[in-house]
Amino acid sequence: MESQDPAVAEAVKASGESNLEKATARAKETLDQLMNVSLNIAVTGKTGSGKSTFINEFRGLDEDEDGAARTGITETTMEVTMYEHPTMPNVKIWDLPGIGSPTFKANKYLKDVKFHTYDFFIIISSERFTENDVMLAKEIKKQKKNFYFVRSKIDNDIRAEERKKGFDEQNVLCKIRKDCLKNLEELGDPNIFLISSFDLEKYDFEKLQNILTEELPDHKRSALLQAWPVCSADSLEKKIKMFQGVIWAASLASAGIAVIPVPGLSAACDASMVILFFTKCYYAFGLDDRSLKRLSEKVNKPLLEHVAKSKFVSAVKEKALTRLQVSAALATLATVEYFASLLPGVGSAAAAGISFGTTYCLLKQGLNELADIARKIREEAELDTLCSN
Ligand SMILES: Nc1nc2c(ncn2[C@@H]2O[C@H](COP(=O)(O)OP(=O)(O)O)[C@@H](O)[C@H]2O)c(=O)[nH]1
Ligand SMILES: [Mg+2]
């Protein structure tokens with residue numbers, strides 16, 4: 001790695017550090033956070049309020065799929081159950097039993113469910129919130145954790161009101177919100193997110209993403225943004241921006257001493273880092289077959305061919321492993337060279353050998369290509385034009 005390389009100077013500048021050594025150390029830290037930070041989300045609420053359905057949708061799973069939470073009125077969970085995000089095992093969403101009895105002690109409940117495990121709480125109700133919800137929220141606050149109220153099954157409310165004369169969706173939503181707030185007055189003016197788990201593109205699911213990204217500590221934010229389902233054009237852009245913001249780190253970290261030593265690897269590029277970076281983007285943007293199949297079924301349009309049309313995205317797909325572990329066999333410089341050869345402008349430079357500059361350029365262009373395909377898929381699905389947000 002030559003220090004006069006303009007790409008190195010650019011990466012160091014982006015790191016906010018004063019020299020290459022410090023920037024490289026910061027890069028490792030940033031990448032470690034991006035790859036490994038844990039996020040634990042607790043979902044609590046009465047039986048039947050829609051916890052399990054919310055959890056499945058958050059994880060992008062149909063309820064009959066392997067590993068999905070069981071749902072239904074008769075399905076009562078009395079135990080804390082942990083569900084891993086399918087492509088981000090470090091993101092866990094926990095199904096907590098409802099509070100139940102009106103004489104419950106909020107502090108005992110929190111102790112029982114091991115509250116310190118969770119980064120924040122989602123309190124779900126498909127009806128009005130109750131005194132118990134208020135007590136629980138107060139206790140969560142006392143423990144210095146955040147809580148978010150989700151009023152679920154909004155699609156049911158809308159459907160019931162739709163037939164009435166003078167129906168206005170915004171009015172209905174406003175009324176539900178006010179109605180919920182009435183019982184939560186003691187907490188000031190808490191945010192209430194109106195959600196339908198059957199359609200995360202609608203209502204307040206995106207708003208919940210925005211508030212969470214604002215309120216989570218910096219190092220947890222990237223985990224949330226990676227795991228959160230793409231629920232709007234803006235939600236996708238936030239993810240893209242997050243990855244763009246760490247390209248400097250991915251390139252510097254991959255240029256250092258190989259994290260996973262691979263025989264024959266040049267010191268200028270840790271192939272596993274590059275592949276892992278693209279794999280993360282691929283899943284976060286919902287480009288994997290399963291996400292596309294679900295989306296395609298939802299909008300009743302074929303969408304999978306977009307991935308096939310881009311040689312680069314197909315190549316990432318071929319190397320992407322579901323649990324984001326890159327095997328040494330895949331993490332070769334040849335793979336990186338192959339990736340580079342599929343991108344105009346990067347391929348010819350890479351032919352002369354993978355330098356820091358080409359890695360930097362590959363990460364930028366590759367991310368752009370993945371982002372563009374994800375944008376095209378949304379366009380094709382017409383979600384942003386149809387959505388009644
Ligand atoms: N219409 C509608 N039904 C929902 C929604 N979320 C959950 N349900 C239904 O409500 C019932 C209870 O949901 P479930 O997730 O099992 O609730 P849990 O007991 O809190 O885990 C199931 O029949 C779900 O299909 C939603 O957003 N909209
Ligand atoms: Mg349940």
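Reader: Is I377 buried or exposed, and what is its relative accessible area?
Author: This is a predicted model, in which local features need pLDDT of at least 70, side-chain atom pairs count only at pLDDT 80 or more, and totals for chains, interfaces and linings use all residues. Residues are numbered from 1 along each chain as its sequence is written, chains are lettered from A and ligands numbered from 1 in the order in which they are written, and side-chain values use heavy atoms, with hydrogens and water left out. Buried means under 20% relative accessible area, exposed over 50% and partly exposed in between, with a 1.4 Å probe and protein chains only. I377 therefore counts as buried, its relative accessible area being 3%.

Reader: Which residues are in contact with I377, leaving aside its neighbours within four places in sequence?
Author: I377 lies in helix 18, where helices (H or I, at least four residues) and strands (E, at least two) are DSSP runs numbered from the N terminus. Contact means heavy atoms within 4.5 Å. With neighbours within four places left aside, the residues in contact with I377 are L287, L292, L295, L303, H306 and V307.

Reader: What span should helix 18 have, and how far apart are its end C-alpha atoms?
Author: The expected span of a helix is 1.5 Å times one less than its number of residues. Helix 18 covers residues 356–381, which are 26 residues, so the span should be 38 Å, and this agrees with the separation of its end C-alpha atoms, 38 Å.

Reader: Which residue follows helix 18, and what is its phi?
Author: Most residues other than glycine have a negative phi. The loop between helix 18 and helix 19 (383–386) holds E382, which counts as partly exposed because its relative accessibility is 36%. The residue that follows helix 18 is E382, and its phi is positive, near 55°.

Reader: Where is K153 found, and what is its phi?
Author: K153 is found in the loop between strand 5 (146–151) and helix 6. At 32% relative accessibility, K153 counts as partly exposed. Although K153 is a residue other than glycine, its phi is positive, near 60°.

Reader: With which side chain does that of N40 make a polar contact of 2.8 Å?
Author: N40 is found in strand 1 (residues 39–45) and counts as buried at 11% relative accessibility. A polar contact is a pair of N or O atoms within 3.5 Å; within protein, one must be able to donate a hydrogen and the other to accept it, and residues adjacent in sequence count only if both atoms are side-chain atoms. The polar contact of 2.8 Å joins the side chain of N40 to that of W94.

Reader: Which helix supplies the largest share of the shell around ligand 1?
Author: A residue is near a molecule if one of its heavy atoms lies within 4 Å of it, and 16 residues surround ligand 1, the closest being G48, S52, T53, G72 and D155. Helix 3 (51–58) and helix 6 (154–162) each supply at least two residues of this shell. The largest share, three residues, comes from helix 3.

Reader: How much of the area that ligand 1 exposes when taken alone does the protein bury?
Author: An oxygen atom of ligand 1 is 2.6 Å from an N or O atom in the side chain of T53, and a polar side-chain atom of D155 lies 2.8 Å from a nitrogen atom of the ligand. Accessible areas come from the Shrake-Rupley method with a 1.4 Å probe, and for residues only the protein chains shown count as cover. Taken alone, ligand 1 exposes 580 Å², and the share of this that the protein buries is 87%.
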